[in-house]
Structures are given as structure tokens and as C-alpha cells.
Amino acid sequence: MNHQFGQKGKIPRHVILSTMIEGYAYFRVLTDPYGKPTDLLFLETNDSLEQILGNKEQELIGRRWSEVLGQSSPDEFDWVYFLGQVAITGEPSKYTGHISKLKKDLAIGAFSDEPGYLSVLFYDEMMKKQGEHSKIDSRKETDSILEAVPETLMMVNQDGTIADI
């Protein structure tokens, strides 16, 4: 895909969304006659959200949260109400919690710039934990190699500072 440069500092929305690591969705909030959020309608998503949720964009757009991710039981966190409040009040919010249907913990950040609509960033907590374990494993491997070398070695960072002896 050939990207044309636009005005300085203006990156097209589709470029930003397609390069994000976080999952992204734009929703319209559906409410009951009293204004209480009852569901969320998927209006836009990015590729990363497809990986997190396991659904293609065509399977998400125009569908309700409850169809894709299920309804919250009374003893579970009410994602729809929580996110709906962001769209109603305009107050950005963050939350980390479990989605039963996915069997995953997700961290989300939600914000709204138009009443009744909101943008949500999704981050799969399992991916974060796997990344932390990978860093720890890599460090253990490096330490064991250095311990096995009989000579003194120095590990130097790119900026020239000594990282390890």
C-alpha cells in the first residue's frame, strides 16, 4: 500500500488503526427508554482486535457486544454498563477484568468524544504476561551463558554504558 504524505502531523486514521498493537473498537451505545446502557453496537474495529477476540471485522461490524462477547451474569462485571457510562458521561475510564466467553483477562481504556458513542482500546493481559515471562527467560539464558564463560565479559548498552559484568 502506497502511503501519501499529507499535512505535517496529520496521519490518516486508517494508518494509525492498522499499525496499533492494541485492539480498537468504535461503538454506538444502545439504551433502554430510561437511558440505561443495554448493549453496544460494533461500528469499527482494527486487525489487532480481530486477533484478541478471534472474530474477523465482517463478523463484528453491525453486531452487538452481547452477540459477540455474551451478556454479563449478575455476579460478573457489567462491561456494557461500564462502557456505556463512558459514552454517556464523556469521562474516560480504564478497567482490567475477565470476559467469560473469551476466557481472557482484558485491560481496556475507553473514551468518548460524542454522546452515545465511544472508542475502546483492548489489551490482552495474557500477551503482556507472556512478554514478561519471555524477558525473564531471556535474561536467565544470558546470565547462564555469562556464568559459563571463564573470562570476564562486559555487556555494553548501545549508548556505551556498562549493562553487566
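What percentage of the 165 residues in the protein chain is made up of buried residues?

A: Buried residues make up 31% of the 165 residues in the protein chain; buried means under 20% relative accessible area, exposed over 50% and partly exposed in between, with a 1.4 Å probe and protein chains only. The model is predicted, so local features need pLDDT of at least 70 and side-chain atom pairs count only at pLDDT 80 or more, whereas totals for chains, interfaces and linings use all residues. Residues are numbered from 1 along each chain as its sequence is written, and side-chain values use heavy atoms, with hydrogens and water left out.

The protein chain contains six helices and seven strands. These elements are DSSP runs numbered from the N terminus, helices being H or I of at least four residues and strands E of at least two. Along the sequence they follow the pattern α-β-β-α-α-α-α-β-β-β-α-β-β.

Five of the strands form an open sheet in the order 2-1-5-4-3, with antiparallel pairing. Its edge strands are strand 2 (37-45) and strand 3, each of which pairs on one side only. From one strand to the next, the twist averages 35 degrees; axes are lines fitted to C-alpha atoms, and angles run from 0 to 180 degrees between N-to-C directions. Strands of a sheet pair through backbone hydrogen bonds, either parallel or antiparallel. Here, two strands count as paired if DSSP finds at least two bridges between them.

Seven antiparallel bridges connect strand 3 with strand 4 (residues 104-114), and Ser93 stands opposite Ala110 in strand 4. These two strands form a hairpin with four residues between them, in which Lys103 takes a positive phi near 55 degrees. Strand 4 is also joined to strand 5 (residues 117-124) by seven bridges, again in the antiparallel sense. Across that pairing, Leu106 stands opposite Asp124 in strand 5. The hairpin of strand 4 and strand 5 has two residues between the strands, and Gly116 in its turn has a positive phi of about 85 degrees.

Rings of Phe, Tyr and Trp (its six-membered ring) pair if their centres lie within 6.5 Å; planes under 30 degrees apart count as stacked, over 60 as edge-to-face and the rest as tilted. Phe82 counts as buried at 16% relative accessibility, whereas Tyr95, at 27%, counts as partly exposed. Ring pairs join both residues to Phe27, Phe42, Trp65, Phe77, Trp79 and Phe122 in a cluster.

Leu49 of helix 2 (residues 47-53) is buried, with a relative accessible area of 0%. Beyond its neighbours within four places in sequence, Leu49 has contacts that include Phe42 and Phe122, where contact means heavy atoms within 4.5 Å.
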